[in-house]
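Please look at the sequence and structure below before reading on.

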Amino acid sequence: MRLHLINPNSSASMTATIARAAQRVAAPGTEIIGCTPADGPASIESHFDDAVAAVGVCEEIRRGETAGADAYVIACFGDPGLHAARELTRAPVIGIAQAAFALASMVATRFSVVTTLQRTVIMSEHLLHAYGYAAQCRRVRAAEIPVLELEDGAACMGRLVDEARRARDEDGIGAIVLGCAGMADLTAELGQAVGLPVVDGVTAAVKLAESMHQLGLGTSKFGDYATPPAKVFAGRFGHFSS
Ligand code: 2AL
């Protein structure tokens, strides 16, 4: 199985970190192909970053369709471009936020999210409502760590542990969801420090993608995930014309 792991931001070193975490949990027959968009923001920490990154994600799906991808993971906690990406393929497309919420809701009735910057909290809250998990999430907390600082995991661990312990002690929860793909390699250490199940969306999404592939479950082409109507795109989006 060829799993295209799309890091929607343009930081290749972060793609490598995410791909290593994915490879550690992947089944022997799963090939993880880390993809970094050529164009886009270095990190995704605002609605603007999210909107621009979504185009890069769509471009990576189009590339993946030519390369023979069997499944895609969108490895940013805002799930940028998820619905658009699903329109462009019959393969499963998993967003790490939706994957993490799904698994967290099966190990605990209540969970909290520990994410990066306070300004991204609303983005996670919007997704919780959109996906139907708002009732199970007690709180989305920010550790005030810029995304690219996560590349030095040791320097961030103290702030993440402090926020996760506050969630454990104050929120009445049974599990914690990590709110950034760049936290994927810190999951086990955080779980040990906090003593609760810690759900990372990257690894959750990889295992869900493998399950869907094995079950023969792809993205429906019946309804709104059908291929978008052919039309002309102007200017620098001309390559989307069909
Ligand atoms: C993220 C993420 O997962 N990747 C990125 O660039 N930004 N999420 C976040 N909450 O800041």
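In the residue classes used here, Ala, Val, Leu, Ile, Met, Phe, Trp, Tyr, Cys and Pro count as nonpolar, Asp, Glu, Lys and Arg as charged, and the others, Gly among them, as polar. By these classes, the lining of the second largest pocket has eight nonpolar, four polar and one charged residues. The model is predicted. The space taken by its ligand is the largest cavity.

**Ligand site**
- The ligand has 13 residues around it, and Asn9, Ile44, Thr116, Gly179 and Ala181 come nearest.
- By class, this shell holds seven nonpolar, six polar and no charged residues.
- The side chain of Asn9 places an N or O atom 2.9 Å from an oxygen atom of the ligand.
- Backbone atoms also take part: a polar backbone atom of Phe77 is 3.0 Å from an oxygen atom of the ligand, and a polar backbone atom of Gly179 is 3.0 Å from a nitrogen atom of the ligand.
- On its own the ligand has 300 Å² of accessible area, of which the protein covers 97%.

**Largest cavity**
- The count of cavities of 30 Å³ or more comes to one.
- The largest cavity holds about 180 Å³ of space.
- Its lining is made up of 17 residues, with Ile44, Cys76, Phe77, Gly78 and Gly179 nearest the centre.
- Nine residues of this lining are nonpolar, eight are polar and none is charged.

**Largest pocket**
- The largest pocket contains about 370 Å³ of space.
- It is lined by 16 residues, and those nearest its centre are Arg62, Leu88, Pro228, Phe233 and Phe240.
- Helix 2 (47–67) and helix 3 (82–87) each contribute at least two lining residues.
- Helix 2 gives the largest share of this lining, three residues.
- The lining of the largest pocket divides into ten nonpolar, three polar and three charged residues.

**Second largest pocket**
- The volume of the second largest pocket is about 220 Å³.
- Arg86, Val93, Ile94, Gln98 and Met212 are the closest to its centre among the 13 residues that line it.
- At least two lining residues come from each of strand 4 (93–95), helix 4 (96–107) and helix 8 (201–215).
- The largest share of this lining, three residues, is supplied by helix 4.

Key. Residues are numbered from 1 along each chain as its sequence is written. This is a predicted model: local features need pLDDT of at least 70, side-chain atom pairs count only at pLDDT 80 or more; totals for chains, interfaces and linings use all residues. Side-chain values use heavy atoms; hydrogens and water are left out. A residue is near a molecule or strand if one of its heavy atoms lies within 4 Å of it. A polar contact is a pair of N or O atoms within 3.5 Å; within protein, one must be able to donate a hydrogen and the other to accept it, and residues adjacent in sequence count only if both atoms are side-chain atoms. Accessible areas come from the Shrake-Rupley method with a 1.4 Å probe; for residues, only the protein chains shown count as cover. On a 1 Å grid over the protein atoms alone, a cavity is a set of points where a 1.4 Å probe fits but cannot get out, and a pocket is an open set with protein on both sides within 12 Å along at least five of seven lines; lining residues have an atom within 4 Å of a point. A molecule sits in a cavity or pocket if more than half of its atoms lie within 2 Å of its grid points. Grid points are joined across faces, edges and corners, and a volume is the space filled by probe spheres set on the points. Helices (H or I, at least four residues) and strands (E, at least two) are DSSP runs, numbered from the N terminus.
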